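Please walk me through this structure, from its core to its charged pairs.

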Amino acid sequence: MNLTNEINKIIDNLNNKEFKTVINSCENLIKSKVENTIIYNLYGQAYQNLAFYEKSIEKFEKSLELNNNNYFALNNIAISFKATEKFLLSEKAYKQCLKIKPDFVVAIINYANLKEFLNQIHEAIDLNLSALEHVEETKKAHLFSKLCRLYMSIGKIKDARKYSIKLLEKYPTDTSFYELHSEIAD
């Protein structure tokens, strides 16, 4: 058995939303005595996508037991902690993840989403600004839009307008950004 090939098949199944197939494949590998941090992380992601968050947490914990520097598993366990309303554990996992990989944009954005959910808007803004430093130019639209809305939510209209104008300049054919801009225009 070539473990790399097996992992790639599982990743393909995960990307194709074949979550039960992923679970079966991971279980079979584990039964054959394969102890691998990636396998457990994928296993957890399948459960997470099926909204079995407690089961996903168990798998992510096993992944982290095998490699506590697996920042993918840390990001994923943080998502499941948030879904199960374990907000302090979620934040702790994001902090640990970003300590290992400070430029992991997915985790920065997810952490910002947690802060926004907890109504810690200033922290959410700071995290989204940090994500801007690490994301490709072609993928900034989401962050500009998010920053615009966050600034609007705390009454910082000038800052909100700054990001809505950036959206219009970079994406002049996207009508949804004109709609967003009209919400804050004088």
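Helices here are DSSP runs of H or I with at least four residues, strands are DSSP runs of E with at least two, and both are numbered from the N terminus. The model is predicted, so local features need pLDDT of at least 70 and side-chain atom pairs count only at pLDDT 80 or more, while totals for chains, interfaces and linings use all residues. Residues are numbered from 1 along each chain as its sequence is written, and side-chain values use heavy atoms, with hydrogens and water left out.

S56 has its place in helix 4. Is S56 buried or exposed? The terms follow relative accessible area: buried means under 20%, exposed means over 50%, and partly exposed is in between (1.4 Å probe, protein chains only). S56 counts as buried because its relative accessibility is 0%. Contact means heavy atoms within 4.5 Å. Leaving aside residues up to four places away in sequence, S56 touches G44, Y47, Q48 and S80.

S80 leads on to helix 5, where it is one of the buried residues. What covers the buried residues of helix 5 includes helix 3 (37-49), helix 4, helix 6 and helix 7. Helix 5 has 13 residues, and from its first C-alpha to its last it reaches 19 Å, close to the 18 Å expected at 1.5 Å a residue. The expected span is 1.5 Å times one less than the number of residues in the helix. At the N-terminal end, N70 caps helix 5, with a side-chain oxygen 3.1 Å from the backbone nitrogen of F72. Such a polar contact is a pair of N or O atoms within 3.5 Å; within protein, one must be able to donate a hydrogen and the other to accept it, and residues adjacent in sequence count only if both atoms are side-chain atoms. Just after helix 5, E85 takes a positive phi of about 65 degrees.

The next topic is the nonpolar core. By definition this is a set of buried Ala, Val, Leu, Ile, Met, Phe, Trp, Tyr and Cys residues joined through side-chain atoms within 4.5 Å. The largest such core has 38 residues, and of these I77 and Y163 touch the most other members. At least two residues of this core come from each of helix 4 (53-66), helix 5 (71-83), helix 6 (87-100), helix 7 (105-117), helix 8 (121-134), helix 9 (141-153) and helix 10 (157-170). Apart from this core lies another, of 15 residues, among them L14, V22, V34 and A46.

Which residues does Y163 touch, not counting those up to four places away in sequence? They are L129, L132, F144, L147, C148 and Y151. Y163 is buried in helix 10, as are A160, S164, L167 and L168. Seen down the axis of helix 10, the buried residues fall within an arc of 145 degrees, so they line one face of the helix. The arc is that of the directions from the helix axis to the C-beta atoms. The face turned away from the buried side carries the exposed residues K158 and E169. K158 has a relative accessible area of 71%. K158 and I184 are 26 residues apart in sequence, and their C-alpha atoms are 8.9 Å apart in space.

Charged pairs remain. A salt bridge is a side-chain nitrogen of Lys or Arg within 4 Å of a carboxyl oxygen of Asp or Glu, and by this rule the count comes to eight. E91 forms one with K95, the closest N and O atoms being 3.7 Å apart. Because E91 and K95 are four residues apart in helix 6, about one helical turn separates them. E91 is buried, at 15% relative accessibility, whereas K95 is partly exposed, at 48%. E91 also meets K115 in a salt bridge (2.8 Å, N to O). This pair links distant parts of the chain, with K115 in helix 7 and E91 in helix 6, 24 residues apart. K115 counts as buried, at 7% relative accessibility.

E116 lies in helix 7 and K146 in helix 9, so the pair ties together parts that are 30 residues apart in sequence. E116 counts as partly exposed, at 30% relative accessibility, and K146 is buried, at 18%. Elsewhere, E35, K62 and E65 are linked in a network of salt bridges.
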